[in-house]
Amino acid sequence: MKELQPLKQISGPDPTYNDICFSGAGSEVLQLSKTFPAVEMVFGNDQKVSLSPENYLFRHSKVHGAYCLGIFQNGKDPTTLLGGVIVRNTLVMYDREHQKIGFWKTNCSELWERLRANDSSTPMPSASDNKNSSLGTPPVVAPSGPTNDVLPGGFQVGQITFYMSLAIKYLDLKPHIAELSQFIAHELDVNASQVHVLSFASEGNYSLIRWAISPASPAGYISNATASSIISRLADHRVRLPDRFGSYQLLEWNAEPPGRRTWWQQHYMVIIVGIVIIVFLGLSVSGLWFVWKRSQQSLLTYKPVDSIIPEQELQPL
């Protein structure tokens, strides 16, 4: 993109990656079109989809009023990686029978509210037809504003799951699963202990892994701010992996409410502390009893100095 005044090209939020970012655009999203041009995505049959700035930019997480391109080089692959920002406020239709795809500009937040008001009575593509949609959470409003806007305020997240397809054979990937989970934890800014592999499958040169992000112990749920940050990074395709893992594609993510905990799960810490206290008191009482017993034995075996002791015959040397 040609630099436009008063824009200034700056470094990306993560120095590990060569993001193309610009500062000086201001924080008003509605004014972005006065600074950044519209971009057209051209398909093979000369069909075009116009992208407004909020459909190819994401906010710089460290510089106020700065934005970065949501279009990346796909590792060593010659193809271009388009982030999830491309389909913000866009209803994507998949026609598998005729092998066609359609894009319909839509105010997703209003559509979500209408669907909720109508109890989801309006026909919509199923989750299995739209692999880039979330399940059980409202669509992300463009652009990626504060992270707490991704999820409704009253929604608690017990687990976040997502499918990731990698262009690498599973036999080559299997020895490095733990290392891959470390990279994912780093990219999502969570502890490595929170990242789990739920299932995996392989087909040819591709591997499909289902991941889960669980709450940090001992919390029973992921905070709204943390969950929104994780979902934004996944939806915006901001998870970067080393080239040795091949190119990847995020197929689906889902935010699930906390599972109902059993009585034991709710009170296990109290029970463990109680057991420790009982064991400690038991050992203390046993120790005191042992000391008292020894002292009583000492009193019973004590004899005065002037007491008569029977003579004992000395044994020869």
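This tour visits aromatic pairs and rings with a charge over them. The model is predicted: local features require pLDDT of at least 70 and side-chain atom pairs pLDDT 80 or more, whereas totals for chains, interfaces and linings use all residues. Residues are numbered from 1 along each chain as its sequence is written, and side-chain values use heavy atoms, with hydrogens and water left out.

Phe-22 belongs to strand E2 (residues 21–23) and Phe-36 to the loop between E2 and strand E3 (39–42), 14 residues apart; helices (H or I, at least four residues) and strands (E, at least two) are DSSP runs numbered from the N terminus. Phe-22 is buried at 3% relative accessible area, and Phe-36 is buried at 1% (buried is under 20%, exposed over 50%, partly exposed in between; 1.4 Å probe, protein chains only).

Next, select Phe-183 and Phe-245, an edge-to-face pair with 6.0 Å between centres and 70 degrees between planes. Phe-183 lies in helix H3 (residues 177–188), and Phe-245 in the loop between helix H4 (224–235) and strand E15 (248–256), 62 residues apart. Phe-183 is partly exposed at 27%, while Phe-245 is buried at 1%.

Finally, select Arg-240. Its charged end sits over the ring of Phe-72, 4.2 Å from the centre (NZ of Lys or CZ of Arg within 6 Å of the ring centre and within 35 degrees of the ring normal). Arg-240 also lies over the face of Tyr-17, 4.8 Å from the ring centre.

Notes: Phe/Tyr/Trp six-rings, centres within 6.5 Å; stacked < 30°, edge-to-face > 60°.
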